[in-house]
Each structure stands twice: as C-alpha cells, then as structure tokens.
Number of protein chains: 2
Amino acid sequence: MAAIEFWFSIGSTYTYVTVARLAAVEAASGIAFDWRPFNVRTIMVAQNNIPFSHKPAKAAYMWRDVARRAARHGRAPRLPAPYPIKDLALANQVALLGMGEGWGRAYVTETYRRWFDAGEDAGDLPNITASLRHAGQDPEATLVRARSAETVAALVAATEWATAAGIFGSPSFRVGSELFWGDDRLEDAIDWHRHGRLV
Amino acid sequence: MAAIEFWFSIGSTYTYVTVARLAAVEAASGIAFDWRPFNVRTIMVAQNNIPFSHKPAKAAYMWRDVARRAARHGRAPRLPAPYPIKDLALANQVALLGMGEGWGRAYVTETYRRWFDAGEDAGDLPNITASLRHAGQDPEATLVRARSAETVAALVAATEWATAAGIFGSPSFRVGSELFWGDDRLEDAIDWHRHGRLV
C-alpha cells in the first residue's frame, strides 16, 4: 500500500535531493511512496509564483542550500545545473508514462543524475534519450507515446488534480489530505503518517 | 561569544516558530545566538519576492505548516494571525533599540506571543505598547526613541548589511559567511557551526 503520495516535477531543483534519497528513506522507514509526476510550471505560472527568475539572491542561496543538503546524502552535484530546463512538459510526460509501466522511477532517478551530476538538461533530448535507454526503453518509440495526445492529456489531468489538492510546488508529499511541501518536509510527512502529528 | 547570527524581522510568520523555540535551542545546544533585527519587507519589495500576497494556495499552506510545526514545540497559535502587519518598520525599530539595551529578546518574544497567540497585530500600537511594558520599558518614551532619526537610520543600515550578506528572508541564520534561510534550517546552521557540514 502506498502510504505517502510523492508529487513531483522533473525540472524542480529541490526534487533532486528527494530523488537522490527516497529509495533509502523507503527502505529505512518501510513506507511506500507513490510517485506522481505533474507539471509544476503550469501551476506556478497560473499562481504568479516564480521562485528564482530575476531573484539572484534567492537563486544563489538555493544552489548553495541544495549543495549542502545533497552532500548530507553523499552526493556532490555540479552546480548550478542547467536551469530552467527546456521542455518540462515532455520530461514529465515521459515520467508519467513510465510510472504506469514500471520503469518510471529508474527513468526519473537517471535523468536527475544526468541533470545534476553531469550537467545535462533534463528537458532536452540527449538526457531524455540516454535516461530512457538506462531504464530499458527504446527512446524513439517511447518519445512518440510520451508526445501522444493521450499522455499530454494525462499530465494535464494530473496537474489539475494537484492544483485542486492545493499543491503549488515540487516536491510535495500528501498523507491523507495533509500536504507537505519541500524535500525538507519529507520527515514531517513520515511523522504525520505514523503519528498524525510532528514529533 | 555569539556563534550564530539570527537575522529576523517582526512581521515574518515563520519567525514565530523560531522565537518560540530559540531559548530552548540555546539552552540545549550551549550555542549563543546574536539577534539581529532588519527590515525584510524592504528587501522583498526590492527583489520582487512577495511570498503570500495574491497566492492563496501558498498562503493557506503556510498557515497550516506553521500550525503543525508550532504544535511540535507545544504551541497552539490562533491562525491565521493578522497579516501583513501594519508598521513593520516601527516594530523592528523598537526591537533594534531593545537589542542594544538588553530588553530586546523579551520584547520580541512577547510581541510574537501576542500576535500569534492573541491575534494582536505586531505592527500596531496595542501590541507594541503592551509588549514594551512586559519588557520593563515605558512605552511612550521608548516609542519616541524608536521613531528617532537615529533608530530609523540604524534599521536601514542593518537592512543594507543584510542585503549585502545575501539575506532575502526571515528568519536567516549566519555561521561565518554561510547562510541558512528559514526556521527549518536552524538545525542545519547548528550542524555547520559544529562540524562545517550537515550531518
């Protein structure tokens, strides 16, 4: 049973830290996470919530904060990574397709590794193609399906569902109707799942 | 020796959680914090960084998040508190004056308690007056000094110093030249002070 919903968009920087550590968190906690891709950019633009563009102090802090927190999990990303990514919708359409077919986590983990550790834009074809191969998929055929009207509509629907649930950023965690935003709230979400409060 | 600088503005919501728990954190850690009031609104307006105004999803989340995290420290604030506060500059001019005279922490702690626990705007005179009395000060005489050109200039200078240090939000913690933003980064700041990395 998936106890905690993990809502995310490839393209979010702090989601790198979550993706880097979530398998270890799942193993240590015994809690399953349900990975739910959506399009955070659609929501941010609609809500005029633009965190880093034209905000150099905040952007500089974000990269430093990500570096410090990644190091805690044994990771040394090359920062700043390319930002914003080119085609956020396509990246998350691929992820959504993969979540339904069992190769989504492998894809997301690899595309973040390439984006942050090797400097390859997660919304551009070199990264997407290589990450699909890493996840055992044929890039050309998969990209055709990821760009299909059906997959496009599925990501829109997921994003509308997220909006209705009050989600406005990535990563977000949901425990029942309780919402937690940010990699730094992952432990709060686990507390809530176990105890119904923060401990 | 003050090992960690605690930069804050009365008027910031998450700073409530820090003010509510910092005395206990200092006692438990043995680390002294140097309380530095500044005007976060000046910086946010200059940087076009407006976190909650016209962002209902983000604002609703913020109040819920503050409530959950305050409960962890045994507090049950009446939320939402009045927001934004009326005269943020005056409230922090009073705080700055108090920090130089030894009654600043008592004032800030009381004004936050009244703002969040009793619903009294921290930038309005009923709260400011009562909090000054609680901190052992004569409200009328203190307000004259808090509004003086000297105190106004001191808060502007503190804010310029904060801006130059890359500070863009409240609360912020500085350990040497390393910046940590948010009540949720207080433990990271302590890690950095002790180990030069997050553990």
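Student: What makes the copies meet through the same surface?

Tutor: 100% of the interface residues of chain A are also interface residues in chain B, so the copies meet through the same surface. Contact here means that the C-beta atoms of two residues, placed from the backbone, lie within 7 Å. This is a predicted model, in which local features need pLDDT of at least 70, side-chain atom pairs count only at pLDDT 80 or more, and totals for chains, interfaces and linings use all residues. Residues are numbered from 1 along each chain as its sequence is written, and chains are lettered from A and ligands numbered from 1 in the order in which they are written.

Student: How many residues does the contact take from each chain, and which elements of chain A give two or more?

Tutor: It takes 21 residues from chain A and 21 residues from chain B. On the side of chain A, α3 (56–72) and β4 (178–181) each give two or more. The largest share, eight residues, comes from α3(A). Helices (H or I, at least four residues) and strands (E, at least two) are DSSP runs, numbered from the N terminus.

Student: Why are the two copies said to be related as by a two-fold rotation axis?

Tutor: Chain A can be laid on chain B with an RMSD of 0.0 Å by a turn of 180° and a shift of 0.0 Å along the axis. The two copies are therefore related as by a two-fold rotation axis. The superposition is by least squares on the C-alpha atoms of residues with pLDDT of at least 70 in both copies. In chain A, the C-alpha nearest the axis belongs to Asp184(A), 3.7 Å from it.

Student: Which residues of α5(B) are buried, and what covers them?

Tutor: Tyr107(B), Val108(B), Thr111(B), Tyr112(B), Arg113(B), Arg114(B), Trp115(B) and Phe116(B) are buried. Buried means that 20 or more other C-beta atoms lie within 10 Å of the residue's own (exposed: 12 or fewer; partly exposed: in between), with C-beta atoms placed from the backbone. The cover includes α1 (15–29), α4 (88–101) and α6 (125–134) of chain B.
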